[in-house]
Amino acid sequence: MTAYERMDQLSSNGKNVLTRETLEKNGISGNLLSPYAKKRGMERIAPGMYAGDAFVADDFMLLQKRYPKAIYYGYCALYLHGLSDYPPQVLEVICPPGYRIRTGDFRMKIIVHHESKKELFDYQIEEVNTIFQNPVKTYGIDKCIVELIRRRRWYDSETFLKALRRYCQNSERDYAKLDEYASMRGISRKVDETMEIFVNEDR
C-alpha cells in the first residue's frame, strides 16, 4: 500500500480532516501532507491541518490545534462542561504570559486572558469533548466554579446561578479541589459563603 493510499484511509479519501500529527503517528512523512491535500482538493484550515468537504468545522478544535497552550476559559469552559446551555458567541481562552494568538485568523471573535503564575495556570487542566467529539483542553469543573465566583461581575445572573446549581448536582464535583484552588486564589471565604447557599439548597 502506498503512502497516498494510507492517507486516503486516514482521511476518508480526502473528505475529512487530516493533520501532520496524524501522518507522523502512522509512520508517514508530514512533508506529504501539502501535496496530498492539493491533489485531493482539501482546504488548509490551520497549520499542519487540511480538511475535505465532509468535514464539519469545529471552532473549539481549530483554535486549539493552532494554539495548543490556549486553555478554554470562562463561558467556554462552562459550556464545554454542560454548566451552561448556550453556545458561546466568542471563544474565550487563557494563556501563559507572552503567548500570542492572531485573533484575526478565525471567524469567531476571540477573547484572550493571560495568567502569570504557572501553578495557577496549570491547575486542573483536563480534556473534554466538543459537541463534534473532538478533544480540547479546558479546566476542571471545580476550578471553573472558583473562577465563576471570582469573576462574578463577568456573568449574567442566569448563567451564574445555573452553573452553581449544576455543579452541586454533578457527580464529578470534588469539593477538596474546589477548596484547594480557592485557597490558591486567596478567596476561600468568598467561595465558602457562596457554596454554602447552593449546597444547602440542594439538600
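## Lining of the largest cavity

Helix 7 gives the largest share of the lining of the largest cavity, four residues. Helices here are DSSP runs of H or I with at least four residues, strands are runs of E with at least two, and both are numbered from the N terminus. The model is predicted, so local features need pLDDT of at least 70 and side-chain atom pairs count only at pLDDT 80 or more, while totals for chains, interfaces and linings use all residues. Residues are numbered from 1 along each chain as its sequence is written, and side-chain values use heavy atoms, with hydrogens and water left out.

The lining of the largest cavity consists of Y72, Y73, G74, A77, L78, Y139, K143, C144, E147, L148 and Y155. Two or more of these residues come from each of helix 5 (74-80) and helix 7 (141-150). By class, eight are nonpolar, one is polar and two are charged. In this scheme Ala, Val, Leu, Ile, Met, Phe, Trp, Tyr, Cys and Pro are nonpolar, Asp, Glu, Lys and Arg are charged, and the others, Gly among them, are polar.

The volume of the largest cavity is about 70 Å³, and a search of the whole structure finds one cavity of 30 Å³ or more. A cavity is a set of points, on a 1 Å grid over the protein atoms alone, where a 1.4 Å probe fits but cannot get out; a pocket is an open set with protein on both sides within 12 Å along at least five of seven lines; lining residues have an atom within 4 Å of a point. Grid points are joined across faces, edges and corners, and a volume is the space filled by probe spheres set on the points.

## Largest pocket

The largest pocket holds about 330 Å³ of space. Its lining has 15 residues, and E21, M49, M61, K65 and P135 lie nearest the centre. At least two lining residues come from each of strand 1 (17-19), helix 2 (20-25), helix 4 (59-66) and strand 8 (135-139). The lining of the largest pocket divides into seven nonpolar, four polar and four charged residues.

## Cysteines

The structure has zero disulfides (pairs of cysteine sulfur atoms within 2.5 Å). For C95, the closest cysteine sulfur is that of C76, at 12 Å, which is too far for a bond. For C168, the closest is that of C144, at 14 Å, again too far for a bond.

C95 has a relative accessible area of 0% and is buried; C168 is also buried, at 3%. Buried means under 20% relative accessible area, exposed over 50%, and partly exposed in between, with a 1.4 Å probe and protein chains only.

## Aromatic pairs

There are nine aromatic pairs in the structure. Rings of Phe, Tyr and Trp (its six-membered ring) pair if their centres lie within 6.5 Å; planes under 30 degrees apart are stacked, over 60 edge-to-face, and the rest tilted. Y67 and F106 form a tilted pair, 6.2 Å centre to centre with 55 degrees between the planes. This pair links distant parts of the chain, 39 residues apart: Y67 is in the loop between helix 4 and strand 4 (71-72), and F106 is in the loop between strand 5 (90-95) and strand 6 (109-114). Both residues, Y67 and F106, are buried.

Y167 and Y175 pair edge-to-face, at 6.0 Å centre to centre and 75 degrees between the planes. Y167 is buried, with 0% relative accessible area, whereas Y175 is partly exposed at 31%. F60, Y72 and Y79 form one aromatic cluster.
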